[in-house]
Amino acid sequence: MSKGLKVITMAFISVFFVVFTFAMFATNSMAAGDAAKGDKIFKANCVVCHGDKGDGKGPAAAGMTPPPRNFTSPTDMKGIDDARLHKSIVEGRPGTPMVGFGKTLKPADIDDVIAYVKTFLKK
Ligand code: HEC
């Protein structure tokens with residue numbers, strides 16, 4: 001291989017790695033959501049029903065059927081993975097007071113509030 005070709009090959013490989021690393025980082029931080037931002041979104045949109053402790057005892061929850069999900073309960077949250085959290089928050093739960101937020105919240109806000117909802121289980 002000529003020296004010029006080697007330099008070009010190395011340059012290509014370097015650029016590839018920079019782009020690759022950046023892409024990994026970007027997709028990762030997008031999917032993960034920011035729980036600190038989610039906290040604010042939760043307080044503005046969800047506390048009335050789910051409560052500030054996430055236990056489903058918000059001021060509007062009394063007598064609600066079905067009751068708002070208790071995010072602190074491993075039993076209540078069993079089997080509710082990220083995909084289901086996403087679907088329920090975007091589309092709501094038909095036939096229940098849980099409305100969809102797909103029209104009122106931005107996709108990034110939804111990711112952030114999902115990250116926040118998940119912190120209740122670890123507390
Ligand atoms: C008007 C009251 C109300 C508001 C406001 C509300 N929820 Fe709910 N939420 C409910 C009720 C009631 C349920 C239980 C639905 C069921 O049992 O299927 C529920 C269920 C859920 C679930 C569990 C869904 C599932 O798949 O089982 C999640 C997650 C959730 N809410 C997140 C949120 C988030 C995030 C917000 C704010 C962006 C929010 N909720 C706002 C009443 C509310």
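This is a predicted model: local features need pLDDT of at least 70, side-chain atom pairs count only at pLDDT 80 or more; totals for chains, interfaces and linings use all residues.

Trainee: Which residues coordinate the iron atom of the ligand?

Mentor: Look for side-chain atoms at 2.0 to 2.1 Å from the iron. One is NE2 and the other is SD. They belong to His50 and Met98.

Trainee: And where do those two sit in the chain?

Mentor: They are 48 residues apart, so the pair links distant parts of the chain. Met98 is in the loop between helix H4 (82-91) and helix H5 (107-122). His50 is in helix H3 (residues 47-50).

Trainee: What geometry does the iron site have?

Mentor: The iron has 6 donor atoms, with angles of 87 to 178 degrees among them. Ideal values for six such donors are 90 or 180 degrees. The site is octahedral.

Trainee: Is Met98 buried or partly exposed?

Mentor: Buried means under 20% relative accessible area. His50, at 9%, is therefore buried. Met98 has 24%, so it counts as partly exposed.

Trainee: Which arginine has a side-chain N or O atom 2.4 Å from an oxygen atom of the ligand?

Mentor: Arg93 also places a side-chain N or O atom by a ligand oxygen, but at 2.7 Å. The 2.4 Å distance belongs to Arg84.

Trainee: Which element gives the most residues to the shell around the ligand?

Mentor: The ligand takes up the space of the largest pocket. The elements giving two or more residues to its shell are H3 and H4. With 4 residues, the top contributor is H4.

Note on methods:
Residues are numbered from 1 along each chain as its sequence is written. Side-chain values use heavy atoms; hydrogens and water are left out. Donors are N, O and S atoms within 2.8 Å of the metal (3.2 Å for Na, K and Ca); water is not among the atoms, so sites may look incomplete. Four donors count as tetrahedral if all angles lie between 85 and 135 degrees; four count as square planar and six as octahedral if opposite donors are over 155 degrees apart and all others between 65 and 115; anything else is irregular. Buried means under 20% relative accessible area, exposed over 50%, partly exposed in between (1.4 Å probe, protein chains only). A polar contact is a pair of N or O atoms within 3.5 Å; within protein, one must be able to donate a hydrogen and the other to accept it, and residues adjacent in sequence count only if both atoms are side-chain atoms. On a 1 Å grid over the protein atoms alone, a cavity is a set of points where a 1.4 Å probe fits but cannot get out, and a pocket is an open set with protein on both sides within 12 Å along at least five of seven lines; lining residues have an atom within 4 Å of a point. A molecule sits in a cavity or pocket if more than half of its atoms lie within 2 Å of its grid points.
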